[in-house]
Amino acid sequence: MKQTFANVIIDISHEKVDRTFQYIVPETLKDRIKAGVQVEIPFGKGNSLRRGFVVEVTNQPEFDIDRMKEIAGISPDSVSVQSQLIELAWEIKKLYGSTMNQALKTVLPVKQKTKRREKKTIRCCLTREELTKALEEARGKSYRARTRLFEAFLETDQIPGEVVEHQLNITSASLKPLIEKGTVEIIRREICRDPLKGLQKEETGVALNAEQQAAAETFWNSYQSRLIQGPEGTSNRLSKEKTWLLYGITGSGKTEVYMEMMDRVLKKGRQVIVLIPEIALTYQTVMRFYKRFGGRIAILNSRLSAGERYDQWELAMKGEVDIMIGPRSALFAPFSNLGLIVIDEEHEGAYKSETMPRYHAREAAILRARLSGADVVLGSATPSMETYSRALSGEYGMLRLQSRAFSDSRLARTEVVDLREELKTGNKTMFSRCLSAHIQDRLNRGQQVMLFMNRRGYSSFVSCRSCGEAVQCPHCDVSMTLHKNGRLYCHYCGYSLPMPKLCLSCGSPYIAGFGTGTQKLEEMTRQMFPEARVLRMDADTTAKKGGHEEILSAFEAGEADILIGTQMIVKGHDFKNVTLVGIMAADLSLNTPDYRCAERTFQLLTQAAGRAGRGSKAGHVVIQTYQPDHYSIETAARQDYEAFYSREIAYRKMMNYPPACRMSAVLFAAKDEAALDSFCQEAEKRISRILEELSVSFQSIGPVNAPVYKVNDMYRKILYIKCENCDILDKIRDSMDFLMKYSTGAVQVQYDVS
Ligand code: ADP
Ligand code: ZN
Ligand code: ZN
């Protein structure tokens, strides 16, 4: 008879999660033991009973069975939040091919020994008049932090501590004098259950328009009909969970709809997680939720330390908050009665984890919702191909918003400029005649301009006019980018060196930078429009803490006329005075070796265009491109998502790319090229055998060289597997682990599925 064994972790909130203990599963419990179940186990010398969580059930004993102990029984209150998250980790491991430890570390925060922090609220003690005066004074003296704080107090007189610290970037050192003067006070641990408290009535929310109302009602009617009433009017889950797409153009008021849905779910005593891309998690966004729901919200962001993160976790665990807002990782908030997960801008690349397990928040959210009996709402103006195709097929519910929420704001007018024509007329600058005329016009009128360029640095590469060689990173297969400080940088590994005076391969002095980046764009803009005040926002200018928020609020306050930047500037910031958006080189993102590049280009262009005319003034967008006829550019110019979708889905079906199939990728990397080759040959044989045994229909490609073959001195090859069934990676991993143990030369293997 085959015996089964359970790998168990003991008291997770206490110590590290990277150690499991193996126990024998008694025959009588065989049917009930699975990942996530809480069990009683004999532990330590005295064999006293401890509580543990089963993380894995297996037929493989890890040590001598004669010395192995048996599980004593199943704990009575076996369905805790941790159990649910462990079950989720199990699902994630299977789908994305990670180890159970990697998955557990993703879903469970490890307790760090830090000083317990309280939930703080900062309250303004000034009257309206005093506040206005204080604000003027702060502005006059250029007290930046104080100005930001007082401006925020104009909207509400209570702000959560974490918002003051992380979104407004105000340190406790700069708060201290204000507390001493009695300008502000800190309220500790008081949870503002009444969101209306301290707010003026007209600020507490807008009345939904007919379209928004219809979307919220459709959702709610369905949700309510699936709610299972628990004892004493409580409700604990849905009979069947559902995923929704809220497909609404930019400015159609999706956030108001989320808040209405959340409000209703919260009133049923259930909890809500809201995912927002980190980059859009600005003060304005957070405050919109805070104004409506008050202190029931906990906020996560990547700037929190592990200890601070754990504190937010504890608030959720203890039921002191019932809304968790944050980027990807907020998905794992330990709510015991989770009723709704909202994912704003669901198409965003940032929802995909770049480390193992390389999970996608959208997919993981659906897995979690299934375990909790909750719904998922995905919101976007440009849904991902995956989501939209599922909404069309009826797998997801479709909710639509087709007009802008402000009746006096319209979609911007868009013009496409063919840069080839521009060159023919002898214009060699970065600005087409059309774009520069429009910029000049806005400057004359005192309106603001955004210029978008999806590449940072000064010149995109440096090459030699004599031999044609470009300067490559010695550690990666990419050209190095020239920055304005006179150094060359590798954007893949960070390596840098001073700009050489002579060509590194032939010694010729005729070497120069070609192509452009945001730094050069900034310089050219200052030359063309010397009277304009220019700000630049990219990874280089926002590297320091809070750099992000500082640039945005300066631009918002009208301290500059032109904001130049990479994709950072197009994501979710509303500037009422921006009436012109210039897209300098729309094709940059088209020429990347990835089947999703057209989709990315369309999304970026549509988002950038959506930045113009957010207020009541009409907006204008100028798209400069060398490929005006490419469908992603042409449809983005018309803001026609459906037209883009139908072209793109036809291409994906023809080429058999997701969402027409699932594509798994096994990435092999090694410093030693020969070792990599021989490993790949053996791996390929084994993987084909596994796939054949599974008898699924599949198509495999490779292993082929990765689009950038060498990164950071590691050579990389990828094996692509296209098939319908997607949890094949878990099976492949076992075999690869075995192979790694016996191969010479350190080969790393990573897994991904899309
Ligand atoms: P989206 O997320 O779809 O781009 P937002 O939710 O940010 O749109 O809304 C855009 C703007 O319209 C916001 O300033 C918001 O306050 C406003 N708004 C949304 N719904 C309404 C409404 N029903 N009435 C008035 N203003 C609204
Ligand atoms: Zn040369
Ligand atoms: Zn490099």
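The charged end of Lys722 sits over the ring of Tyr657, at 4.3 Å from the ring centre. A charge is said to sit over a ring if NZ of Lys or CZ of Arg is within 6 Å of the ring centre and within 35 degrees of the ring normal. A second case is found at Lys242, whose charged end sits over the ring of Trp244, 4.9 Å from the centre of that ring.

The structure is a predicted model, in which local features need pLDDT of at least 70 and side-chain atom pairs count only at pLDDT 80 or more, while totals for chains, interfaces and linings use all residues. Residues are numbered from 1 along each chain as its sequence is written, chains are lettered from A and ligands numbered from 1 in the order in which they are written, and side-chain values use heavy atoms, with hydrogens and water left out.

The aromatic residues may be considered next. A pair of aromatic rings is described by the distance of the centres and the angle of the planes. Rings of Phe, Tyr and Trp (its six-membered ring) pair if their centres lie within 6.5 Å; planes under 30 degrees apart count as stacked, over 60 as edge-to-face and the rest as tilted. Across the whole structure, 21 aromatic pairs are found. One of them joins Phe219 and Tyr223 in a tilted arrangement, with 5.4 Å from centre to centre and 40° between the planes. Both residues belong to helix H7 (residues 210-226), and because they are four residues apart there, about one helical turn separates them. Helices (H or I, at least four residues) and strands (E, at least two) are DSSP runs, numbered from the N terminus. Phe219 has a relative accessibility of 0% and counts as buried; Tyr223 is likewise buried, at 0%. Here buried means under 20% relative accessible area, exposed over 50%, and partly exposed in between (1.4 Å probe, protein chains only).

A further pair is formed by Tyr247 and Tyr388: the ring centres are 5.4 Å apart and the planes stand at 75°, so the pair is edge-to-face. Tyr247 lies in strand S11 (residues 243-248) and Tyr388 in helix H12 (residues 385-393), so the contact ties together parts that are 141 residues apart in sequence. Tyr247 is buried at 6% relative accessibility, and Tyr388 is buried at 3%. Ring pairs extend this arrangement into a cluster that links Tyr247, Tyr388, Phe602, Tyr631, Tyr641, Phe644 and Tyr645.

Which residues are closest to ligand 1? The ligand is surrounded by 17 residues, the closest being Ala207, Gln212, Gly251, Lys254 and Arg288. A residue is near a molecule or strand if one of its heavy atoms lies within 4 Å of it. By class, this shell holds six nonpolar, seven polar and four charged residues; Ala, Val, Leu, Ile, Met, Phe, Trp, Tyr, Cys and Pro count as nonpolar, Asp, Glu, Lys and Arg as charged, and the others, Gly among them, as polar. Helix H8 (residues 254-267) gives the most to the shell, with three residues.

Several backbone atoms approach the ligand. A backbone N or O atom of Ala207 lies 2.8 Å from a nitrogen atom of ligand 1. Oxygen atoms of the ligand are found 3.0 Å from a backbone N or O atom of Gly253 and 3.4 Å from a polar backbone atom of Ser252. The protein covers 82% of the 560 Å² of accessible area that ligand 1 has on its own, where accessible areas come from the Shrake-Rupley method with a 1.4 Å probe and, for residues, only the protein chains shown count as cover.

Most residues other than glycine have a negative phi, and most peptide bonds are trans. The peptide bond from Met356 to Pro357 is cis, with omega near -5°, and Pro357 is found in the loop between strand S15 (338-343) and helix H11 (361-372). Gly702 and Pro703 are also joined by a cis peptide bond, with omega about 5°; Pro703 is placed in strand S30 (residues 698-711).

Ser142, a residue other than glycine, has a positive phi near 55°. Ser142 occupies the loop between helix H3 (128-140) and helix H4 (144-155) and counts as exposed at 57% relative accessibility. Gln639 has a positive phi of about 55° although it is not a glycine; this residue lies in the loop between helix H18 (631-637) and helix H19 (641-655) and is partly exposed, at 22%.

Note on methods
A polar contact is a pair of N or O atoms within 3.5 Å; within protein, one must be able to donate a hydrogen and the other to accept it, and residues adjacent in sequence count only if both atoms are side-chain atoms.
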